[in-house]
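Hello,

Here is the structure I said I would pass on. My notes on it follow below.

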Amino acid sequence: MPEWPLLRALRGGHGTRSLSLTARRLHNLPWGLAKMKALECLNLRDNRLCRLTPDMEALRRLKVLNLGNNIFEEVPEQLTCLKSLQKLHLFGNKITTMSPLMCGGLQNLVLLNLNNNLFSYLPPEIHRLENLECLSLNNNQLRSIPKELCSLQKLRELHLSHNSLTALPEEIEHLAELQILRLSRNQIEELPEGLCKMASLRVLDLAGNKIQIFPAAIQNLELVELYCEGNPLLQKHPVNAIQEEDVLTLKEITARFILAQLKSNNLSLLRAIKQNAEAQDILSQQEECAQCGCGFLNMWLECVQFVDVKQVKQRMMTSRNMHPLPVRILLCSYKCFNRHDEGLFGIAVA
Ligand SMILES: [Zn+2]
């Protein structure tokens with residue numbers, strides 16, 4: 001009889017704190033559940049539930065709720081009333097999205113497991129889950145993540161493997177506590193520079209994407225695990241420098257002159273620039289030459305350098321047979337390219 005553990009729990013008084021009703025072919029919530037007001041942990045995984053009932057709202061002490069492997073098509077709205085909920089498992093359902101309203105009601109949530117669903121979109125309001133430490137959305141259909149997700153200040157784990165992501169928001173660097181970022185089996189072509197500023201990041205899984213080259217600052221990350229097999233990474237195919245002089249535009253020459261002057265603290269020029277918003281805007285787009293350190297705007301050479309991360313961090317776990325990583329290096333001129341150290345390659349156009 002499927003209701004047996006519930007009857008036993010009820011007979012045990014209304015003080016029962018934990019109840020498990022897994023794999024009982026339940027189509028509805030069992031009668032009497034709402035009376036168990038002391039319940040803190042409720043496991044209903046592997047059933048046939050597609051909705052919750054309003055009396056569920058009586059479970060004000062519930063901290064852990066497992067609704068995994070059921071047939072929900074949306075995150076049930078009754079959950080917004082469960083203010084003490086800390087861990088919510090909704091993996092293995094048919095959920096396509098989460099209403100913005102939901103995010104406001106689950107403010108004590110620490111763990112949200114939405115693996116194996118049909119999410120193609122996350123609402124920007126996700127940032128309201130401000131206590132979230134672990135968000136798992138493996139095996140969904142996400143094409144992007146909202147930049148608002150990057151303001152989850154307590155987030156330590158973000159699992160997004162097996163989706164259709166093509167890029168990450170530049171704001172990802174704001175996830176200052178993030179330690180684990182799993183992005184394997186997506187369609188990511190380029191990584192934002194901000195990723196390299198994530199001081200807490202220890203595990204980065206990028207296997208099976210479309211990455212050819214990494215930002216140079218990737219070497220600054222304190223990773224203990226890095227996976228990047230199954231990407232079309234640039235290989236070592238030396239390309240000779242084209243021996244020609246740079247022809248710079250007047251704008252570029254002026255910009256380089258101003259950038260050099262600002263670097264040597266030309267105060268009157270600094271003051272003049274401060275009063276000119278347009279000039280400030282243009283100069284803010286400057287890049288720095290990896291060879292001579294000078295600032296420039298447009299005329300640069302994109303090169304690739306191969307960094308043996310295994311040699312730098314010997315204890316780091318990586319994919320087996322990992323080759324040196326190709327990282328992007330920017331140079332201001334052919335002159336700097338010809339002066340380069342060994343191990344710098346032009347990018348071959350296939
Ligand atoms: Zn240079």
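**What the model shows**

S1 and strand S2 (residues 41-43) run parallel and are joined by 3 bridges. Within that pairing, Ser-20 has Asn-43 of S2 as its bridge partner. Please keep in mind throughout that this is a predicted model.

The two strands belong to an open sheet of 11 strands with parallel pairing, in the order S1-S2-S3-S4-S5-S6-S7-S8-S9-S11-S15. The edges are strand S1 (18-20) and strand S15 (317-318); each has a single partner strand, so one side of each has no neighbour in the sheet.

**Overall layout**

The chain contains 7 helices and 17 strands. Its domain assignment gives domain 1 (4-227) and domain 2 (250-302 + 331-346). The centres of domain 1 and domain 2, taken over C-alpha atoms, are separated by 44 Å.

The C-alpha trace spans about 90 × 50 × 30 Å along its principal axes. The radius of gyration is 27 Å, whereas a compact globule of 350 residues would have one near 20 Å. Of the 350 residues in the chain, 30% are buried. Among contacts with a separation of 6 or more, 35% are between residues 24 or more positions apart.

**Antiparallel strands**

Strand S14 (residues 301-307) pairs with strand S16 (residues 325-331) in the antiparallel sense, over 7 bridges. Leu-301 has Leu-331 of S16 as its bridge partner. S14 is also joined to strand S17 (residues 344-346), again antiparallel, by 3 bridges. There, Val-304 has Phe-345 of S17 as its bridge partner.

**The nonpolar core**

Which residues have the most contacts inside the largest nonpolar core? They are Leu-85, Leu-129 and Leu-331, in a core of 75 residues. Helix H2 (100-105), strand S11 (225-227), S14 and S16 are the elements that give two or more residues to this core. S16 gives the most, with 4 residues. Domain 1 (4-227) and domain 2 (250-302 + 331-346) both contribute residues, so the core lies between them. As general background, nonpolar side chains in soluble globular proteins tend to be buried together.

Leu-331, listed above for its contacts inside the core, is the bridge partner of Leu-301. Leu-129, also on that list, touches Cys-103, Leu-106, Gln-107, Leu-109, Leu-112 and Leu-152, leaving aside residues up to four places away in sequence.

**Cys-332**

Cys-332 sits in the loop between S16 and helix H7 (334-338). Is Cys-332 buried or exposed? Cys-332 has 25 other C-beta atoms within 10 Å, and it counts as buried because the cut-off is 20 or more. Not counting residues up to four places away in sequence, Cys-332 touches Cys-289, Cys-292, Cys-294, Phe-296 and Trp-300. Cys-332 and Arg-143 are 189 residues apart in sequence, and their C-alpha atoms are 35 Å apart in space.

Most residues other than glycine have a negative phi. Two residues in this model are worth a look on that account.

- Asp-46 has a phi near 60°, a positive value in a residue other than glycine. Asp-46 is placed in the loop between S2 and strand S3 (64-66). With 16 other C-beta atoms within 10 Å, Asp-46 is partly exposed.
- Asn-265 is not a glycine either, and has a positive phi of about 55°. Its loop is the one between helix H3 (250-263) and helix H4 (267-274). Asn-265 has 8 C-beta neighbours inside 10 Å and counts as exposed, because the cut-off for that class is 12 or fewer.

**Ala-58**

Ala-58 is also in the loop between S2 and S3. It has 16 C-beta neighbours inside 10 Å and counts as partly exposed. Ala-58 touches Ala-34 and Lys-37, not counting residues up to four places away in sequence. Ala-58 and Cys-81 are 23 residues apart in sequence, with 8.5 Å between their C-alpha atoms.

Regards

Key. Residues are numbered from 1 along each chain as its sequence is written. This is a predicted model: local features need pLDDT of at least 70, side-chain atom pairs count only at pLDDT 80 or more; totals for chains, interfaces and linings use all residues. Two strands pair if DSSP finds at least two bridges between them. A nonpolar core is a set of buried Ala, Val, Leu, Ile, Met, Phe, Trp, Tyr and Cys residues joined through C-beta atoms within 7 Å. Domain bounds come from an automatic or database domain assignment. Two residues are in contact if their C-beta atoms, placed from the backbone, lie within 7 Å. The radius of gyration is taken over C-alpha atoms; the globule rule is 2.2 Å times the number of residues to the power 0.38.
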